[in-house]
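Work through the exercises below with the sequence and the 3D structure at hand. Try each task before reading its solution.

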Amino acid sequence: MAIQASTVAAYAPWGNATLAFEVGTGFATTDPATGNAVQTTETVEYLAALTLQAPSWKPEAGVDATTYSCRGRLLSPATLDPRITNGSQADCTINGYRGRFELVFDLAQNRGSYRDLRQQLEGIFRVVGGPT
């Protein structure tokens, strides 16, 4: 299910990031070509307000200049699906650039506050491709 244009408009100008996590449904189907059981998945999408921090790297061999750390909050829906765990990756667009977001849990945050606040997000954004 894609984020509706009306939802994006309701959170403008803060909603600068869309994230699409692929999660398992808990069901399996049979692959007709091999006969093997294959887990079915669904895509769960979020609108978020994320701030990117410029990479602090020295130009050395092996340095990934496309990696940005980011932090912010979910806007819609307000909390992550429980199937999304630490290290989960999402296809995303942040500030008009496509890439991959890898979630890093903030273990210091009080989990009881999730129902009162929009859940905080922290992670790594890797630019893949150019602007949308």
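Cys 70 is buried, with 3% relative accessible area; buried means under 20%, exposed over 50% and partly exposed in between, with a 1.4 Å probe and protein chains only. The model is a predicted one, in which local features need pLDDT of at least 70, side-chain atom pairs count only at pLDDT 80 or more, and totals for chains, interfaces and linings use all residues. Residues are numbered from 1 along each chain as its sequence is written, and side-chain values use heavy atoms, with hydrogens and water left out.

**Exercise 1. Find out how many disulfides the whole structure has, and account for Cys 70.**

Step 1. A disulfide is a covalent bond between the sulfur atoms of two cysteines. The test applied here is a pair of cysteine sulfur atoms within 2.5 Å.

Step 2. For Cys 70, the nearest cysteine sulfur belongs to Cys 92. The two sulfurs are 7.4 Å apart, too far for a bond.

Step 3. The search of the whole structure finds zero disulfides. Like Cys 70, Cys 92 is buried, at 5% relative accessible area.

**Exercise 2. Give the order in which the strands close into a barrel.**

Step 1. Strands are DSSP runs (E, at least two residues), as helices are (H or I, at least four), and both are numbered from the N terminus. Two strands pair if DSSP finds at least two bridges between them.

Step 2. Strands of a sheet pair through backbone hydrogen bonds, either parallel or antiparallel.

Step 3. Here six strands close into a barrel in the order β1-β2-β3-β6-β5-β4, with antiparallel pairing. From one strand to the next, the twist averages 45°; axes are lines fitted to C-alpha atoms, for helices over the stretch in contact, and angles run from 0 to 180 degrees between N-to-C directions.

Step 4. Asp 91 stands opposite Arg 100 in β5.

**Exercise 3. Describe the aromatic pair and say which strands hold its two rings.**

Step 1. Rings of Phe, Tyr and Trp (its six-membered ring) pair if their centres lie within 6.5 Å; planes under 30 degrees apart count as stacked, over 60 as edge-to-face and the rest as tilted.

Step 2. The whole structure has one aromatic pair. Phe 21 and Tyr 46 form this pair, with 6.1 Å between centres and 75° between the planes, and the arrangement is edge-to-face.

Step 3. Phe 21 is in β1 (residues 17-30) and Tyr 46 in β2, so the pair links parts of the chain 25 residues apart. Both residues are buried.
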